[in-house]
Structure formats: C-alpha cells, structure tokens
Amino acid sequence: MEDQTSTGQGQLTGLKVVEFAHVVAGPLAGGMLADQGADVVHVEPPGSGDAARAMGPRRDGVPLWFKVAGRNKRSVTLDLHHEEGREVARELIAWADVVIVTLRAGRLRAWGLDWEAVHALNPTAILLQISGFGATSSRADAPGFGKMGEARSGVVHLTGFPEGPPVHTGFSHGDAVTGLMGAFAVLAALHRRDTDPDSFDGEWIDLALFEPLYRLVEWQIIAYDQLGTAPERAGNQLAVAPAAVINTYRSADGDWLTVTSATTRSVRNVVRLLGLPDEEFTTVEQQHAGRERLDAALREWVAARPAAECLAAFERAEVVASRVFTAADIVADPVYAEREDIITVDDPDLGPVRMQAVIPRFHRSPGAVWRTGPALGADNALVYGEWLGIDGGRLAKLEAEGVI
C-alpha cells in the first residue's frame, strides 16, 4: 500500500504549490520544490492525465518516466474546459503560495489563470509562467517546446563537430534547464516575500523556453557584439576557450573516455604520461600550438590500452579523465553509491524501483522521496475535500459531471 503521507521534511515544508502544467518544464520546477518538502498539487485532465504519463520506456505496460517526474506530488483531476472546473481552479489558486502554468497566453486569459486573475484571487501568490516565447513577446500565443528553445538559445548551433550538423542533446535539455531556473526564480521571490512581507505584492515570473540556456552561454552575445563574429561548433572543444587537451578517446576494449587538461600544469602531466618532450609544452602558447599533436598522441595511446589501464595511469599521473558513463555505469559506480545518489523507492505498480536521490543535498534538513509518481487523480479526496474544504455533495456532483 502506497504511503499517502509526505515526510514533512525539507527546506520547503509547508509551502503550497499548484501546477497547471504538463510534460517537463513546469512540472520539473514543481518537482524540485516537491523534493524539498513543498506540497505540490499536479492538476491533470480527467481520463488522459498529463501527456508525460504516456511518454518514455515501459515495463509490462507501465510507463516509467512519470514515476520519477511525478514523485512527491499530489495528483488531482480537473477539466478546465468546464466553468465548474475553473471555479475549482480559482479555489486552488487562492489556497496556494505558488502557481505554475504552462498554457498559452490566450488560454490563460480565457480560463482566468493569467497574472491579473491570479493576483486578484491571491495578492501574495507567486506565478511562474513558462511559455515558448514569453508573455510579453509578439509570439506569446505561439506553441513552443523545449527543443525549439534549445535551437533559439544558440546552444544547438554550438553543439556538434564543425563538419557536421548542429546537434540536440539526447534528453529534454531546454525544458529541464527552464524548470530548474523556474524553481530558482520561485525561491528568489519567496525570499523577498519572507524578508519584506509588508511591501510584498505577489510576483509574476515570466520565463520563455529559450531564455535559460541563452543566459548560461555567457560569452556568445558579448563576443558577437565586440568581435562581430558568431562562435562556431568546435566538437568536444569549447567554442571560445579551447583547452590544450579536451576530447573523447576510444580504448582498446571499446570504451569511450574523456580527458580534460586546461591548466598549464595539467597539460604537462599529459605530456609526461605520453613521453613527449616536456620542454616543447612548457608555456600556454606552446601547449595551444601543439593541440593537434597532443590530441593525436593521446588518441593513439588510449587506443592501445584497455580502459581500466588507461584510467589507472591517468590517476597516477594526475590527469583528469573519466569513462563516458551509461546508465549501467552510473548504477555500478562507487562514487554514486558513496554519495547515496541512487535510492530505492517502493512503487505500487512496479515494486522497488531505483531513481535519483534528492539533489541538491541539505545535510541539516534534507528533502526525501516519499512516493513515486501517483496514479491519476489519486489525491482528489485529500486535496479537494480536506485541503480546500469542498463538501462531499459538491465533490460527488463534480465527479458525476466529469469535472474531476
């Protein structure tokens, strides 16, 4: 039987969050808050639920992704196409400290989930609004997904090899970073609320899917502004700050290793390991001039040895290197185990399942994973009945009419 009671521990215990959001970016923002103890109510359409429930790999027909994406949350069903559903949504907004939305601007206005409506219902609420192009742009009503955001941010243009096409990463990179930055923004607003409550008048966080990755590539705009050129793809090198040694190399037994040496001393460690003339790689200028020679020599050296032998030699020489990890490597790695970054959680459909622990870790008041992603509408009675105080008769009517 699944535990229906949260642990009540973490930095955000007592924080009330409602998500009118689906798939990745908004729910990941709420998930970061839920991992730290917030009460997060995930609102889903009756019948179908969040589209993320049907995405990704399955075991015996049970989707796996949502078991992590929906963990530590309360699932309620609510059809916002019905006026009665929108009335319940307004009650959720009045209850919450934080409201997360990912609907288009026009739909938000029509359904009373935009900033003006939220602020009127709950003057101290914090609204995190995530959209493809931002609420203030001429494309506020246009659809958007995370991969679009990645492409617009400049990141995809910089990813890949010069002779090849631009490349997306193999996960929801843009969505995930947007969720993380959204959670950060919520915490910043909460700090203001809690340190200056007399003047706090709510907050509207307006975040477009391309903006977080765009912000993280700190040098691309100033470089273009001052030099008039846009940085280009450089493979495994950094586009504007190439290191003397940075690449991936395949070992004799087929494993891929990554080696990075960006300081003068660390590059000389590589030089000595390879048996190259130390005096030819003493200065930064010599090391950068000899990048191709170093790369070719290191590729040949790694290719002649099994991965374990390479890694042991790198460690003795104080060369920073790692096997390129797969999920299997992560699960078997002793450092992940020592950090307790993989935990086991009981799931009502699958039994014990392993997943990421709560990250970041707070040593004095840590968060915890107390449930996997719940069944659709599993918390209707708790949230609507106990938390909002909706009586049984009204709940039965809403359910009979298909509103919840």
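## Around helix 1

Just after helix 1, Gly37 has a positive phi of about 105°. Helices here are DSSP runs of H or I with at least four residues, strands are runs of E with at least two, and both are numbered from the N terminus. The model is predicted, so local features need pLDDT of at least 70 and side-chain atom pairs count only at pLDDT 80 or more, while totals for chains, interfaces and linings use all residues. Residues are numbered from 1 along each chain as its sequence is written, and side-chain values use heavy atoms, with hydrogens and water left out.

Helix 1 itself is mostly covered, with 9 of its 11 residues buried (buried means under 20% relative accessible area, exposed over 50%, partly exposed in between, with a 1.4 Å probe and protein chains only). Among the buried ones are Ala25, Pro27, Leu33 and Asp35. What do the buried residues of helix 1 pack against? Their partners are strands 1, 2, 5, 6 and 7, plus helix 8 (contact means heavy atoms within 4.5 Å).

Look for an open sheet of 6 strands, in the order 5-2-1-6-7-8, with parallel pairing (two strands pair if DSSP finds at least two bridges between them). Strand 5 (73-77) and strand 8 (203-208) sit at the edges with a single partner strand each, so one side of each has no neighbour in the sheet. On average, neighbouring strands are turned by 20° against each other, direction ignored (axes are lines fitted to C-alpha atoms, for helices over the stretch in contact, and angles run from 0 to 180 degrees between N-to-C directions).

Strand 1 (residues 16-20) and strand 6 (residues 98-101) run parallel and are joined by 4 bridges. In that pairing, Val18 stands opposite Val99. Helix 1 (residues 25-35) packs on this sheet, and its direction makes about 165° with that of strand 1. Helix 17 (residues 380-387) lies across strands 2 and 5, at about 85° to strand 5.

The largest pocket holds about 1,400 Å³ of space. Pockets come from a 1 Å grid over the protein atoms alone: a pocket is an open set of points with protein on both sides within 12 Å along at least five of seven lines, a cavity is a set where a 1.4 Å probe fits but cannot get out, and lining residues have an atom within 4 Å of a point. Grid points are joined across faces, edges and corners, and a volume is the space filled by probe spheres set on the points. Of its 35 lining residues, Trp65, Val68, Ala69, Arg71 and Gln356 are the closest to the centre of the largest pocket. By class, its lining has 25 nonpolar, 4 polar and 6 charged residues (Ala, Val, Leu, Ile, Met, Phe, Trp, Tyr, Cys and Pro count as nonpolar, Asp, Glu, Lys and Arg as charged, and the others, Gly among them, as polar).

The second largest pocket has a volume of about 500 Å³. Its lining has 23 residues, with His22, Thr102, Gly144, Phe145 and Leu209 nearest the centre. Helix 1 and strand 7 each supply at least two residues of that lining.

Most residues other than glycine have a negative phi, and most peptide bonds are trans. Asp60, though, has a positive phi near 50°, and this residue is exposed at 72% relative accessible area. Glu318 has a positive phi near 60° in the loop between helix 14 (307-316) and strand 11 (320-323).

Ile359 and Pro360 are joined by a cis peptide bond, with omega about 5°. Pro360 belongs to the loop between strand 13 and helix 17.
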